Amino acid sequence: MTIDIPVRNDSAPVVFGSPALYELIEQIGDGVIERDDRDEPPFAKFELIRQARLGALRLPVDAGGGGASLRELFEVVISLGEADPNVAHSLRNHFGTVENLIRRPRVEDERWFDRVRAGDLFGVSATELGTAQAGSPDYRYATAIAETPDGLRLSGTKYYSTGNLYVDWLVVATTDQHGKTVRFIIPADRAGVILENDWDGIGQRFTGSGTTRFVDVEVSDDDFFAPGGFGGDLPYKGTFPQLYLTSVIAGILRRVVRDAAELVRAKQRTFYHAAADNPVDDPILQQSIGLLSSQAFAAQALVLSAAEALGAATDAHDRLDAEEALSLEATLQAAKAKVVVDELANRAASELFDVGGGSAVRRSAHLDRHWRNIRTIAAHNPKTYKAKAIGAHEITGEPLPRGGFF
């Protein structure tokens, strides 16, 4: 089934590979250290994103989008992660929603494609704390829709609502008035929707990953999106969002390399026992930067290889047998990429300080943000569980889990 989206005549959105796209990414990165210093959420950057209609990057150009392939989208995410990982991470649920629309296109979803084309951003309200098994595919949400004398009303609380502070629409996983798991899409500013900026993580502090509350929110059949949980009937529902997190880490690792090189260039003195009088000529520092750069390259290569595999699975959406096999391969590659990239990046963000020496640990340098951000993203889904599942599959052929974290 192909996506039939009418052509728009409005000003064009940013297109993959265009100067406008890279100018936007540079603008997003402007002031990132100052925002970190001031504890300032990047609201202004999301207005730039709306204006540029970056959220439509995956839609075809002749359908009012940016024409990016899945691999190209992940290239952009890596660049965003290098510029500002908070912004990159906050867009994950939007791009995930768009990807689900693309992979299972339906006529009734054309209105949502239209909102994406227009530059609107989507968030997700799914996570609850009332289950002992995070990501379980068989979970009944406590957030529920009830019939009242005034019509249908939605009430409940969601946690880890990444990006919801910055979006226009919320995709809400809920239990409907008949006891079934469904998804509704409602405006983020509808009466009764409360977005709390209460995320207190050590890193990724400006992703808006706080609490979303629904207090007797009016809903109607027009807000109904789809039955079931997130991902619908996709063979592996979590591959895209999990690979997305790894791509943000790969972007941070690229920034680590940039900052490490700048530290060496800015050095005015060195140790009396160093291998060269001028830090930029010191072979030890040159080797350190070379290793960091090579690790960043490896991380990016792993992410883009897995993105190509996921793209093949997406292209096979109308061939279910092929999609199943290709989705398994994509999930395996994404899991392996995470295991390796998490290890590389956490170590690199620490080794950065060996390059800079004592002056690099000043709070005003804000270089600790790289480790804090990497550590926070990686903790979303510990690599130990990924490695165990990969190992079991290699040894016995045991299927990979199909829940929200694969």
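Predicted model: local features only at pLDDT ≥ 70, side-chain atom pairs only at ≥ 80, totals over all residues.

Me: Let's start with L400. Why is L400 called buried?

Reply: Its relative accessibility is 2%, and buried means under 20%. So L400 counts as buried. As for its place, L400 sits in the segment after α12 (383–396).

Me: And what is L400 in contact with, leaving aside neighbours within four places in sequence?

Reply: Contact means heavy atoms within 4.5 Å. By that test L400 touches Y236, L328, T331, L332, A389, I390, H393 and F406. L70, for its part, is 330 residues from L400 along the chain, and the two C-alpha atoms are 22 Å apart.

Me: Now β4. What makes strand β4 "mostly covered"?

Reply: Go through residues 169–175: seven of the seven are buried. Since buried means under 20% relative accessible area, each of them falls below that cut-off.

Me: Which residues of β4 are on one side and which on the other?

Reply: W169, V171, A173 and T175 are on one side, with L170, V172 and T174 on the other. Those residues are all buried, so both faces of β4 are covered.

Me: What makes a group of residues a nonpolar core?

Reply: They must be buried residues of the listed nonpolar kinds, joined through side-chain atoms within 4.5 Å. The largest such set here has 81 residues, and L54, F74, L91 and I186 have the most contacts inside it. Helix α8 gives the most to this core, with 14 residues. Apart from it lies another core of 19 residues, including A56, W112, F113 and V171.

Me: Which residues does L91 contact, again leaving out neighbours within four places?

Reply: They are F46, I49, L54, L80, L121 and Y244.

Me: On to the spaces. Why is one space a cavity and another a pocket?

Reply: In a cavity a 1.4 Å probe fits but cannot get out, whereas a pocket is open. The search of the whole structure finds three cavities of 30 Å³ or more. The largest cavity has a volume of about 120 Å³, so it passes that size limit. It is lined by 14 residues, with V32, D36, D84, N86 and F206 closest to its centre. By class, this lining has four nonpolar, three polar and seven charged residues.

Me: And what lines the second largest pocket?

Reply: Its lining has 19 residues, and L263, K267, G356, S359 and A360 lie nearest the centre. Helix α8 (residues 239–266) gives the most, with four residues. The classes are eight nonpolar, six polar and five charged, and the space in this pocket is about 440 Å³.

Methods:
Residues numbered from 1 in each chain as written. Heavy atoms only, no water. 1 Å grid on protein atoms, 1.4 Å probe; cavity = no way out; pocket = protein on both sides within 12 Å on 5 of 7 lines; lining within 4 Å. Points joined across faces, edges and corners; volume = space filled by probe spheres on them. Helix = DSSP H or I, 4+ residues; strand = E, 2+ residues; numbered from the N terminus. Nonpolar A, V, L, I, M, F, W, Y, C, P; charged D, E, K, R; others polar. Buried < 20%, exposed > 50% of the residue type's maximum accessible area, 1.4 Å probe, protein only.
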